[in-house]
Amino acid sequence: MRDHLLIYLNGAPLHVTGEYAFLTLTEFLRKRQGMPGTKVVCAEGDCGSCAALLGKPHPTQPKGTIQYTNVTACIQLMFQLDGVHVVTIEGLQAKGSNELNPIQDAMVQCHGTQCGFCTPGFVVTLYQLLHDGKPCDTYTLRRELTGNLCRCTGYDSIVKAAEQTDRDQLEPLETLYPSQPIAEALQAAAAESVDLRTTDGRRIFKPATLNDATAWLAEQHAQQISPTIISGGTDLGVLNNHRKLRPETVLVTTALPELHGIEVADGTIRMGGATPLSQLEDLTKTELPEMAEYLGWFGSPLIRNAGTIAGNLCTASPIGDTAPTLYALGATVELTSSTGTRTMPVEDFHTGYRTTKLHPGELLTRVDIPLPKPNELVRFYKVSKRRDMDISTFSAAAWLRVADQHIEDARVAFGGVGPRVLRIPEAEAELIDQPFEFATFDRAADAAHAAVKPLSDVRGSDTYRTTLAGNIFRKLWHDLTAPGTSNRDPGIDSQGGTPNGSLQEVY
């Protein structure tokens with residue numbers, strides 16, 4: 001049992017103790033390490049100026065290999081980083097050299113920087129994309145840079161700099177920081193529990209096993225202590241920065257092996273609760289492309305690299321992006337405590353506005369997502385003011401089982417129309433046991449329009465959301481019958497009905 005955090009910073013080991021363990025990574029770098037290269041602008045994880053690389057032992061490649069991901073450092077708390085190699089902008093320079101690295105040089109040559117606040121974040125993200133020699137086209141560059149915002153230069157010069165970077169001269173991270181010795185130290189750290197206490201009574205417990213975690217939670221609740229449970233921390237980090245949360249007793253789940261891993265087995269995606277959303281996105285690119293495309297508009301790549309499926313579900317936001325898709329697909333969650341394990345449908349897990357059926361002492365340990373069968377159709381929609389880096393105004397997910405131009409079953413879920421994500425039984429009833437034709441979807445649209453009673457807020461009025469609730473079914477019909485549409489039954493075509501008028505735009 002350790003009483004400190006072990007973190008590698010640009011190749012050097014550090015022991016972090018006391019109140020330093022409660023700082024954000026940016027505070028620690030800038031104020032305690034004298035490393036001002038990592039900038040802080042929004043302090044909410046939105047702009048990417050604070051991007052840093054986090055390296056952890058690779059779960060599937062040979063022992064001694066480190067896998068790096070880029071995240072926003074402003075909402076990463078130090079206690080999340082035990083057993084992690086942090087690489088900052090200062091660490092992306094050839095050892096013993098004072099020269100700019102090839103990405104920085106290209107940024108200068110292509111006039112990719114003006115005020116400079118965003119530049120370190122762009123360089124870090126581009127290093128993650130370009131250092132290993134993998135192909136990276138313009139579309140991939142633009143998508144991967146959506147979490148890095150520039151306020152004055154514009155993006156064309158930055159993309160041009162990325163394309164003109166001399167990748168042959170760009171040193172791989174493995175060359176800058178040979179992984180074997182660092183990986184061995186990080187793996188040893190992951191096998192140790194951490195119990196860190198501060199002089200003012202704050203406490204961090206990072207268990208090495210799930211049994212240790214649930215036993216400790218039971219002990220805390222017996223003492224009427226309610227710990228803050230954290231893994232990805234993309235929401236809690238923002239609350240911390242806004243001084244709306246001061247965690248006193250913390251359970252860190254980042255090292256629990258039982259909460260990691262994602263695979264497809266028996267037609268089901270099985271993933272640990274601490275699996276980052278980016279890993280779900282990567283898997284579904286081949287297994288369920290509709291979900292991968294939808295997840296591509298969730299936050300940014302930096303947020304998806306940090307945020308976890310359990311964290312997203314446990315926040316129970318009515319505009320949480322994963323919940324509608326999981327409701328429609330019939331996903332289940334596994335909840336584990338010191339007394340045992342129970343499972344339930346995701347839609348039963350949420351009970352109201354930011355409330356769940358998670359009992360004191362329980363952790364959400366696994367999510368199972370059934371993959372659609374050949375005659376099952378799915379579509380997912382997100383409506384927001386911006387395509388990238390925006391919170392949903394309205395979201396929808398639909399699952400249909402269709403045979404012989406007949407809808408046998410249907411599940412439809414909406415986000416942003418109530419205090420929690422909602423199934424829409426009135427619309428489902430208009431679809432089930434009905435012909436696969438436009439008139440059926442039109443009736444479902446009317447039923448949904450009448451059923452939802454959303455509120456008005458800064459993202460949209462109740463009238464706007466109600467209109468979306470109906471129009472989404474008309475869009476669904478056109479999407480499912482469009483030529484070349486993927487994930488549709490070969491027997492389904494657009495001859496089952498004729499639209500009575502043009503499709504009203506959803507976006």
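1. Which residue in β13 is the bridge partner of S337? In this predicted model, the answer is G340. The two strands involved, β12 and β13, run antiparallel and are paired over 6 bridges.

2. Next, look at confidence. The protein chain has an average pLDDT of 93, and 95% of the residues reach at least 70. Residues 486–507 are another matter: there the pLDDT is below 50. In the model, that stretch still has 59 contacts beyond near neighbours in sequence. Where pLDDT is low, predicted coordinates should not be read in detail. Keep that in mind when you look at those contacts.

3. Stay with β12 and find E334, which lies in this strand. Set aside its neighbours within four places in sequence. E334 then contacts T341, R342 and T343, and also L363, L364, T365 and R366. G320 is 14 residues from E334 in sequence. In space, the C-alpha atoms of E334 and G320 are 19 Å apart.

4. Now place β12 in its sheet. The sheet is open and has 5 strands, in the order β10-β11-β16-β12-β13. Its pairing is antiparallel. The edges are β10 (262–265) and β13 (340–345), and each of these pairs on one side only. From one strand to the next, the twist averages 20 degrees. Trace the order on the model before moving on.

5. Strand β11 (residues 268–272) and strand β16 (residues 363–370) run antiparallel and are joined by 5 bridges. Within that pair, I269 stands opposite I369 in β16.

6. Which strands of this sheet does α8 touch? Helix α8 packs on the sheet against β12 (332–337) and β16. The direction of α8 makes about 125 degrees with that of β16. Another helix, α10 (residues 277–287), lies across β10, β11 and β16. Helix α10 runs at about 30 degrees to β10.

7. Move to a second open sheet. Here 4 strands follow the order β6-β7-β9-β8, and the pairing is mixed. The edge strands, β6 (194–197) and β8 (228–230), each pair on one side only. Neighbouring strands of this sheet are turned against each other by 15 degrees on average, direction ignored.

8. Strand β7 (residues 203–206) pairs with strand β9 (residues 249–252) in the parallel sense, over 3 bridges. F205 faces L251, which is in β9. Helix α8 (residues 210–222) packs on this sheet, touching β7, β8 and β9. The angle between the directions of α8 and β9 is about 160 degrees. Compare this with point 6, where α8 also packs on the sheet containing β12 and β16.

9. Strand β1 (residues 5–9) and strand β2 (residues 12–16) pair in the antiparallel sense, with 5 bridges. I7 has L14 in β2 as its bridge partner. Between β1 and β2 there are 2 residues. N10 sits in the turn and has a positive phi of about 50 degrees.

10. Now the helix pairs. Two packed helices are described by the angle and the distance between their axes. Helix α2 (residues 102–109) and helix α3 (residues 119–130) have axes that come within 9 Å and cross at roughly 125 degrees. That angle is why α2 counts as oblique to α3. The crossing is right-handed. From α2, I103, Q104 and M107 meet T119, F122, V123, L126, Y127 and L130 of α3. By class, this contact has 7 nonpolar residues, 2 polar and no charged.

11. How do α17 and α18 cross, and at what angle? The axes of α17 (residues 438–451) and α18 (residues 462–481) cross at roughly 160 degrees and come within 7 Å. The two helices are therefore roughly antiparallel. Their contact includes F438, F441 and H449 of α17, and F473, R474 and W477 of α18. Its residues divide into 10 nonpolar, 5 polar and 3 charged. The crossing of α17 past α18 is right-handed.

Definitions and conventions
Residues numbered from 1 in each chain as written. Predicted model: local features only at pLDDT ≥ 70, side-chain atom pairs only at ≥ 80, totals over all residues. Heavy atoms only, no water. Axes fitted to C-alpha atoms, helices over the stretch in contact; angles between N-to-C directions. Parallel < 35°, antiparallel > 145°, perpendicular 65-115°, else oblique. Left-handed = near helix turned anticlockwise from the far one by under 90°. Contact = heavy atoms within 4.5 Å. Nonpolar A, V, L, I, M, F, W, Y, C, P; charged D, E, K, R; others polar. pLDDT = per-residue confidence, 0-100. Pairing = 2+ DSSP bridges.
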